[in-house]
Amino acid sequence: MENEVPEGIYSSSGTSNSNSGSFGQTDDEGSPTKTTSGKKVIDQVRMMFRSKLVTAPPKAINLTNDTLNGLTGRPSGLPLKNRDEAIRHAKEIAKLNNVAKRKMEEELRHRQDAKEQAEQIQSDWEFIIKNWSTSRDTKKTKKLWKQKIPDNIRPQLWKLAIGNDLQITPDLYEICKQRGKTCRENMAKSPTQETTDRDFIAIQSIDIDVPRTYPHVQFFQTGPLSKELHAILEAYTQYRPDIGYAQGMSYLVAMMLLHMETDSVFTAIVNLLHSSHLISFFRVIPSDLGYHIRMYDLMLATCLPAVYSHFEQNGVSPQLYIFDWFMTVFSKSLPLELARRIWDLFLLSPCWLYRSAVGIVKYHKATLLSSPFDECVKLLTNLPKDGIDEDAFMNCILSVKVNKKKFAALKKKASSMDNSLYIDA
């Protein structure tokens, strides 16, 4: 039977040894008793061996070193441990177990702390959004804003931060969208329409740009967001026919579609373009463009004088790379994860447009300082999108500090400088 003593564990004589305790017990006929289980015998052997009650297996028991090693957890093929070695190894194992236990307990504490912190941040943001009018400009809100915003908070936060000063309504969007749809239908009917027609040029440009917008995001290629992206861009060309469509707009709308409710995006893009620096780039006003470039250049000279001097000596001017950065709020130049973090800051205050640009240069400072003109321009116009440490990257941006007094002085200086040095009017 399964729990009976294995026949081979007794010596061939079938008799018991006087020093073997309960091992080798026989009945009156000299056969092993059936009342002692095999497991009990093994446990007793293990207990006596580990407690050093015996120095070797009882003669009545036919056990090899490999068998005893198996009983004590020691790999087969090795000699038996002596008492001192066994004690030392037991202490080492206990020490390692204690270290592992402390490490696990510490990791659990960190996880619990992180969970509690995340819950507190979530709660704080819910309070801010609920009390937006009185909470937006508080120090606590601004401090929290510079941290990583929870994904479920961002749609509401962006909508509130951009606002709706222009009072855009869903009905107005539907009207503009229908006009855009009609233009597209007319274009399909009359493909030979004069290319000077503003609406037709806008639709053609949109059709070219949308597939190139976040090409790695399938939603904008053949997915559901592709249709929405087309519709919103076409509606905007009807809302602002004086501006129409310009390259870069597709990235702005795409970023919003990824992080906001679709119904809010048209209202958001109209208000954002109206109230921020972005309109200067899409209307191509030389004086305004020159101002924004000078602001960045002055801030670069203030915060990173060594890099500024290197750029000056090698002829690396902002015009070579800054337009793509500013027109799309870095959406085209950076990975989505980093671009949306900069959008968070930009919607907190427009000054973060310049500070973020300086922070990006700071992150690549070592490479730029050791590079000639062509390599600098190549890096700045094709920022790396892989292998970027998000925390280190954002720390570089957040470390670009310009107080209100200094920022006001830079704005005044930028306004008074010769525009022709930066933009050919």
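Helix H10, spanning residues 249-259, is mostly covered, with ten of its eleven residues buried. This is a predicted model, and the chain holds 21 helices and zero strands.

**Helix H10**
- Which residues of H10 are buried? They are Met249, Ser250, Tyr251, Leu252, Val253, Ala254, Met255, Met256, Leu257 and His259.
- That leaves H10 mostly covered along residues 249-259.

**The chain as a whole**
- There are 425 residues in the chain, and buried ones make up 41% of them.
- Take the contacts with a separation of 6 or more: 70% of them come from residues 24 or more positions apart.
- The chain exposes about 24300 Å², and carbon and sulfur atoms supply 52% of that area.

- Val329 has a positive phi of about 50° although it is not a glycine.
- Phe330 lies in that loop between H15 and H16 too, and its phi is near 70°, again a positive value in a residue other than glycine.
- Why flag these angles? Because most residues other than glycine have a negative phi.
- Are these residues buried or exposed? Val329 has a relative accessible area of 0%, so it counts as buried.
- Phe330 is likewise buried, with a relative accessible area of 0%.

**Salt bridges**
- How many salt bridges are there? The count comes to 13.
- Arg154 and Asp151 pair up through their side chains, with an N to O distance of 3.1 Å.
- Arg154 sits at a relative accessible area of 1%, which means it is buried, as that value is under the 20% cut-off.
- Glu174 bridges to Lys177, and their closest N and O atoms are 3.5 Å apart.
- Both Glu174 and Lys177 lie in helix H7 (residues 170-189), three residues apart, or about one turn of the helix.
- Glu174 is partly exposed, with a relative accessible area of 43%, and Lys177 also counts as partly exposed, at 27% relative accessibility.
- Asp242 forms a salt bridge with Arg240, where the closest N and O atoms are 2.7 Å apart.
- Asp242 has 46% relative accessibility, so it counts as partly exposed.
- Which residues are linked in a network of salt bridges? Lys148, Arg341 and Glu390 are.

**A positive patch on the surface**
- Lys142, Lys146, Lys401 and Lys404 gather on the surface in a patch of positive charge.
- Where does Lys142 lie? Lys142 belongs to helix H5, which covers residues 139-145.

Note on methods
Residues are numbered from 1 along each chain as its sequence is written. This is a predicted model: local features need pLDDT of at least 70, side-chain atom pairs count only at pLDDT 80 or more; totals for chains, interfaces and linings use all residues. Side-chain values use heavy atoms; hydrogens and water are left out. Buried means under 20% relative accessible area, exposed over 50%, partly exposed in between (1.4 Å probe, protein chains only). Helices (H or I, at least four residues) and strands (E, at least two) are DSSP runs, numbered from the N terminus. Patches are made of residues with over 30% relative accessible area and no salt bridge: like charges are joined within 9 Å, nonpolar side chains (Val, Leu, Ile, Met, Phe, Trp, Tyr) within 5 Å. Accessible areas come from the Shrake-Rupley method with a 1.4 Å probe; for residues, only the protein chains shown count as cover. A salt bridge is a side-chain nitrogen of Lys or Arg within 4 Å of a carboxyl oxygen of Asp or Glu. Lys and Arg count as positive and Asp and Glu as negative; His and the chain ends are not counted. The place of a charge is taken as NZ of Lys, CZ of Arg, CG of Asp or CD of Glu. Contact means heavy atoms within 4.5 Å.
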